[in-house]
Amino acid sequence: MGQPQFSVFGIPVHVSMWHFITLMIFFRGAFQADNLMFGVAILLVASASVFLHEMGHALTSRHFGLQPTVVLTGFGGFTAHQPARTLRDDFLVVAAGPTMNFAIAAVLYGLLLAGAVGVETPVGRLMQFASGLNIYWGVYNLLPILPLDGGHLLRVLLRRFIRKSLKADRWTHRIGLGLGGLLAAYFASEGQIIWAVLLGLAAFENYRALQDVNRMDADFRADRPHPRVGELLKQARAAFEAGNFEAAMRFCHQARAEPELSPAEMRHTWHILAIAAARVGDLDDAIRFAERVPNSTEMAQVQATCLLSLGDAGRIRQFLRAPAATLLAPERLDELKAVVRSAEAP
Ligand SMILES: [Zn+2]
């Protein structure tokens, strides 16, 4: 990921200039000619709230040995790390972000209530703003709409309780699409255009992901003229849905070796292989497999996620020029570009 700007507790941190530009647009009301310091203080408090949220993810993922990197980018930040080994680890890593915001708000409120800082002093007012903002950021991130934390938590919970990952993913994306669309419409009607656009984009991303899941499911259900290939893919699917990714990959490699594999079956085999490889942390393999399935948003996502985890700016730059990159959501592209930019920064 190029040279990080700095590291905190040994966790590398990249900061994109878009991080500050978008925060300035958000809090433009706080910048007044007679009191510029107030605007700067608001900006720093907002940036710190986003940063500490990401540190919640980063410290928890480091605890599980997942080698996190924090990136502060436009409209917030994200923490790239290797895939969690269990659903429980995944849940804890994701939940730690909003939890951090609520903990900060509680501490600040506690200090104000205890009278440690006067409520009407400038510091007191800044602390009130900071605690409100942290609650806001925590709640916003908990909306059950991918790619927000709440969407990830919803998917983990559904995978845990439905135990069929395709079905769980389909419901996650349906809820993301429905709720994201409703909220986007609501914010648009309130004239809150930035929120309307952000939530609208999230809804659209869920719509495309839903199409991918449906296509994958159709491939599974398609009539199979070759019983041997069909049987292998059925076993691969069962293993995949049971979370036994290594076994799923074994069945896929066997299917791949069959001579009468149809193009749809081949595509399907690469699809399972890519996701399974990403889940077990074979990132290079996952990218290689995902590249074999063109025109799939989900496969482009797999490539993007793996490349972010690998943090190789050169390969990301190459990927951004490939047709697959055009399938990614704008936020994902921004994340990738942020990595390239921070590698190019002196
Ligand atoms: Zn988060």
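This is a predicted model: local features need pLDDT of at least 70, side-chain atom pairs count only at pLDDT 80 or more; totals for chains, interfaces and linings use all residues.
**Domains and their contact**

The domain assignment divides the chain into domain 1, residues 6-142, and domain 2, residues 222-344. Taken over C-alpha atoms, the centres of domain 1 and domain 2 are 33 Å apart. Contact between them involves twelve residues of domain 1 and twelve residues of domain 2. On the side of domain 1 that touches domain 2, strands β3 (69-73) and β4 (76-80) each contribute at least two residues. The largest share of that side, three residues, is supplied by β3. By residue class, the side of domain 1 that touches domain 2 holds five nonpolar and seven polar residues, and no charged ones.

**The β3-β4 hairpin**

Strands β3 and β4 run antiparallel and are joined by five bridges. Within this pairing, Val 70 stands opposite Thr 79 of β4. The two strands form a hairpin with two residues between them. In the turn, Phe 75 has a positive phi of about 60°.

How many residues of β4 are buried? Five of the five are, so β4 is largely enclosed by the rest of the structure. The burial applies to both faces of the strand: Gly 76, Phe 78 and Ala 80 point one way, Gly 77 and Thr 79 point the other way, and all are buried.

**Helix α2**

Helix α2 covers residues 36-63, a run of 28 residues. From its first C-alpha to its last, α2 reaches 40 Å, close to the 40 Å expected at 1.5 Å a residue. Just after α2, Gly 65 adopts a positive phi of about 75°.

| Residue | Location | Phi |
|---|---|---|
| Phe 75 | turn of the β3-β4 hairpin | about 60° |
| Gly 65 | just after α2 | about 75° |

**Leu 233 in helix α8**

Leu 233 is part of helix α8, which spans residues 227-241. Is Leu 233 buried or exposed? Leu 233 is buried, because 26 other C-beta atoms lie within 10 Å, and the cut-off for burial is 20 or more.

Leaving aside residues up to four places away in sequence, Leu 233 touches Ala 255, Glu 265, His 268 and Thr 269. Phe 251 is 18 residues from Leu 233 in sequence, and the C-alpha to C-alpha distance between Leu 233 and Phe 251 is 6.8 Å.

Terms used. Residues are numbered from 1 along each chain as its sequence is written. Domain bounds come from an automatic or database domain assignment. Two residues are in contact if their C-beta atoms, placed from the backbone, lie within 7 Å. Helices (H or I, at least four residues) and strands (E, at least two) are DSSP runs, numbered from the N terminus. Ala, Val, Leu, Ile, Met, Phe, Trp, Tyr, Cys and Pro count as nonpolar, Asp, Glu, Lys and Arg as charged, and the others, Gly among them, as polar. A residue is buried if 20 or more other C-beta atoms lie within 10 Å of its own, exposed if 12 or fewer, and partly exposed in between; C-beta atoms are placed from the backbone. Two strands pair if DSSP finds at least two bridges between them. The expected span of a helix is 1.5 Å times one less than its number of residues.
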